[in-house]
Amino acid sequence: MKAVPQMASPRVMRWAVTLRAYEYEIRYRAGKDNGNADALSRLPLPECPEAALAEDQVLMLTQDPFPLMTGAQVKSWTGRDPILARRSGPETRGSTIQEIDHPAAAATAAGAEENGYTAEAGGGNEDPPQDISDAARTEEGSAATSAEENDGENGASRGELRCSHRERRPPDHCGLQVRKSRIQLQRGVLRPSVLSFPISHHHHRGMMVLKAELKSMSRILTYVFLLSRMYKPGDVVLGGLFPIHFSYVFPELSFTSEPQDPTCNGFNIAMFRWAQTMAFAVAEINRNPGLLPNVTLGYLLYDTCYTIGVAFGGALSLVSGREERFRLDESCTGFPPVLGIVGDSWSAQSIAISSVVGLYRVPMVSYYALCSCLSNRNHFPSFFRTIPSNAFQVEAMLQIMRRFQWTWAGLLISDDAYGRDAARIFQSELRARSDLGCLAYLEALPWDSDPVQLNRIVSVMKTSTARVVIVYVYGIRMVKLMEEVARQRVTGLQWIADVGWANDPNLQTPHFMPYLRGTLGVAVRQGEIPGLRDFLSKLHPGNDSHGNPLVRQFWEHTFRCKFAPLPSEWVDAGGRVCTGGEDLGTADTTLLDVSDLRLEYNVYKAVYSLAHALHDMLQCVPGRGPFTGHSCATLQTIQPWQLVYYLEKINFTTTFGDQVSFDENGNALPICDVMNWAWLPDGSTEFHNVGVFKKSASAGEQLILDEDRIVWSFESTEPPRSVCSESCSPGTRVARRKGEPVCCFDCIACSEGEISNETDSTECTSCPEDFWSSPQRDHCVPKSMEFLSYHEPLGISLTTISLLGTIICAIVLGIFVYHRSTPMVRANNSELSFLLLLSLKLCFLCSLLFIGRPRLWTCQLRHAAFGISFVLCVSCILVKTMVVLAVFKASKPGSADILRWFGAMQQRGTVLFLTFIQAIICIAWLVSASPTPHKNTQYHSDKIVYECAVGSTVGFAVLLGYIGLLALLSFLLAFMARNLPDNFNEAKLITFSMLIFCAVWIAFIPAYISSPGKYADVVEVFAILASSFGILVALFGPKCYIIILKPERNTKKSIMGRAATNM
């Protein structure tokens, strides 16, 4: 919603002030649906006859917008004008007063003439009103004389004042009820005050005539604002608003008799000390030659009686000016300006007052208004304060909660603007910073202290798991709450107090302290004001030369006596008479207790803030000023808005060492004390400071606590725990409970491969690719590498078997070399047998390349060596099979030429050619897509399988396919020669060996594909070893058996004999 315009009408301003205390929603209603209001606006209105004007009414006075001048000057200048001089009628002759028989009316009219009012007056013979001040009575003679000098110039009836309206407008209607400025008669001066009263409009000879009741108009305001005050004159007067009395009682208005005067009840010594602190600060400034030299400060303080209406009226009275005149020099007289107001104490009053005085930019420096809404510069442009706002107080409490890790707390507030503002800020901060905690409950304490509601609220506190309770209320309501807490015996709570009751002595009783022991409170900053106690000790009605009634009231309250004249009921009751000889030093009063100056210190800073702003303004050098045309303000021409400019820029340090300056929102540099309530063994209580929370331009917000001095509400020396759910340790994450506050959660362990290394982590983070979560899930550890190692049993076994096969091949080769001249060796093509044994030896050795940590050269060599070795082996077998078949064919008649194609050179060439093809395949594979070491994380999440990626699957398939083709061809040829005689060929042995070879490698393919990680290498090594041993045993086992164990059969005769037998 938009802010209220500065030039809004009084009616709009009154509505704005009234509605500020409510939360409301404005809904638009279309004109066609607003028939009720539309009909009322079209009702016919009666015409206003001239006879409707009553004889006992006076016209409302209007302020002349021109500089001050006398009625005679207006008359003289009007006569000089050639056009206005020709006009007739009293409205053209300025202010002409004919007859004033009534002395008060004469004084009023004279004051009006001197202050720029234009009026007509007539006779009337009413008695003077009883509420005219004595000063007005003493000036009646001179005022009447001044009026008679202008008598006789018009024929208006007596007893009536008419003020000409500057604009000629037709009357709207008769008897309209509006709010206008009512006339006060104070020392012969016309003063407006905002009240509602009926007026009547009459258009008479081109003038708007406003008539109003004169009798008893200023009785209430005069009583309130003249009696309940403290005043000291000065060149510049500062206003003050202090709630010195507890309440304000209006009399019953029956409208059948004259109403009685309203009264203020319950004198508050502490708040009277606030007002006296302002008086002391003014006196101290006047004695200081370095601050406002040659300027005397004065003050005018009003008692607000804890009532918003009285506070509002007092503020308007301050802004409208004082009744006494003063003299700055020989040539300047006028009303002393109230340039600034120190107050008010409460937020509600400050909102209402600042909304109005802010329109005129009158600076208002509060010492106790906490509502953060007052920081809105659009609504309150001239509001300042020396106390931290609710927002800072909430931040202090949140920092205390963070320090002691309290994440689960209850919040109790007062059901007013102060409490609701604190709750709004608290909830907003917790939503924005969820790590600080959350609220278990939020309850508003009833204004009427309803026992049922209090019982319900305390029951909520009792059943809640929250051990910390934050309370935003004033002391009187906290007393009512604690009575219910004591009745239900709710112990074990850690209380956090706001400034409203952080150091309230009314709660320091043996009845409450068992429950409030250990309370932590955010309190107003404590300061020291040297000389204040001496100033207060000299307070005496006899020393008051200005007749301030508040000093007399304090004296009567302290000594239980009355000054003369004594009320009859006081005399009948045997009451004492105040003599003035009473000794304040021996009186039972807390006025002189200056050991805990908090709000007094804020008042002290507020007065000095205004004084420093005024001092800076008066130090302005003409031509270098901040205002239009580089002008400066002077004491004679100063405007309140000019003081606001300087007030925003002040920066000074108090005698206590605190820096005072205001930010862009009118808030002083915030600082507050952290209090702790201690219940001593002797039953006494003690408030002591245990820390401070402050904000500075350089360091920001700082919470400084002396935790060793804190006394807790429990016997333990450790702070209590207040959490909805215990913190989730590292390795777990927070899982919110549906439908519950964010502070209530479960702790769930992180999944494998995820960790959380912080307390109350909201999520688990995944480890990097080469790392895995520890068993505790609180940190990442490197993943274990998996490959076929020489150090594991499986690797050792395969290595042993490989080396064993190599050794066997070497032994067989040695046997064959040694027995190379025997018929058995020579009959089996010894050269191919030697080459076959050599290739088998290479096959056994190439299996070792599959064992150990994969490296680039091993990855590239292992498959190439494997492919070439096996092709060499199978090629030898193929050639041997082909030779056997050729020899058998050549033994038949007519086939002798076939052996020419299978000579020694052809055999070697065939083997080398077939092997060379495999070598070409391997080279092409290595060049196009070479196998490389690869860390495979797909097989196992917690391990890295270190393997050799084949690079090109096609290359690997071609390599295996070529070996398989040769093996299949060898198998088919051997199978065809299986029925040949044993003494001429090895067909059966070759067939059996190739059958083993093919069976192994056919089984290898699915086993290799389905084996993960290192087991794929194991399968491949096993296939190499199995096929190699199959060939070695099938081909060379029988021969070695005959050579070694049956040497008698290793003869040509034996071999030929078997052949002959078979033939």
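The count of aromatic pairs comes to 39, where rings of Phe, Tyr and Trp (its six-membered ring) pair if their centres lie within 6.5 Å, with planes under 30 degrees apart counted as stacked, over 60 as edge-to-face and the rest as tilted. The model is predicted: local features need pLDDT of at least 70, side-chain atom pairs count only at pLDDT 80 or more, and totals for chains, interfaces and linings use all residues. Residues are numbered from 1 along each chain as its sequence is written, and side-chain values use heavy atoms, with hydrogens and water left out.

**Aromatic pairs**

- Tyr 418 and Tyr 474 form a stacked pair, at 5.1 Å centre to centre and with 20° between the planes.
- This pair links distant parts of the chain, 56 residues apart: Tyr 418 belongs to helix 12 (residues 417-432), while Tyr 474 is in the loop between strand 21 (468-472) and helix 14 (475-488). Helices (H or I, at least four residues) and strands (E, at least two) are DSSP runs, numbered from the N terminus.
- Tyr 418 and Tyr 474 are both buried; buried means under 20% relative accessible area, exposed over 50%, and partly exposed in between (1.4 Å probe, protein chains only).
- The pair of Phe 956 and Tyr 1008 is tilted, because the ring centres are 6.0 Å apart and the planes stand at 45°.
- Phe 956 is in helix 26 (residues 953-976) and Tyr 1008 in helix 27 (residues 987-1010), so this pair ties together parts that are 52 residues apart in sequence. Phe 956 and Tyr 1008 are both buried.
- Ring pairs also link a cluster, whose members are Phe 242, Phe 246, Trp 274, Tyr 306, Trp 346, Tyr 367, Tyr 368, Tyr 418, Tyr 472 and Tyr 474.

**Charges over rings**

- Arg 377 lies over the face of Phe 384, 4.7 Å from the ring centre; a charge sits over a ring if NZ of Lys or CZ of Arg is within 6 Å of the ring centre and within 35 degrees of the ring normal.
- Lys 562 lies over the face of Trp 570, at 5.6 Å from the ring centre.

**Disulfides**

- A search of the whole structure finds ten disulfides, each defined as a pair of cysteine sulfur atoms within 2.5 Å.
- Cys 371 is joined to Cys 373 with an S to S distance of 2.4 Å. The torsion about this S-S bond is about 130°, so the disulfide is right-handed.
- Cys 371 is buried at a relative accessible area of 3%, whereas Cys 373 is partly exposed at 29%.
- Cys 724 is joined to Cys 744 (S to S 1.9 Å), and this link is right-handed, with 105° about the S-S bond.
- Cys 724 lies in the loop between strand 30 (700-705) and strand 31 (732-736), and Cys 744 in the loop between strand 31 and strand 32 (745-749), so the pair ties together parts that are 20 residues apart in sequence.
- Cys 724 is partly exposed, with a relative accessible area of 22%, whereas Cys 744 is buried at 3%.
- In the disulfide of Cys 750 and Cys 764, the sulfur atoms are 1.9 Å apart. The torsion about the S-S bond is about -75°, so this disulfide is left-handed.
- Cys 750 and Cys 764 are both buried.

**Other cysteines**

- Cys 843 is in no disulfide, and the nearest cysteine sulfur, that of Cys 873, is 5.2 Å away. Cys 843 is buried, at 0% relative accessibility.
- Cys 998 counts as buried, at 18% relative accessibility.
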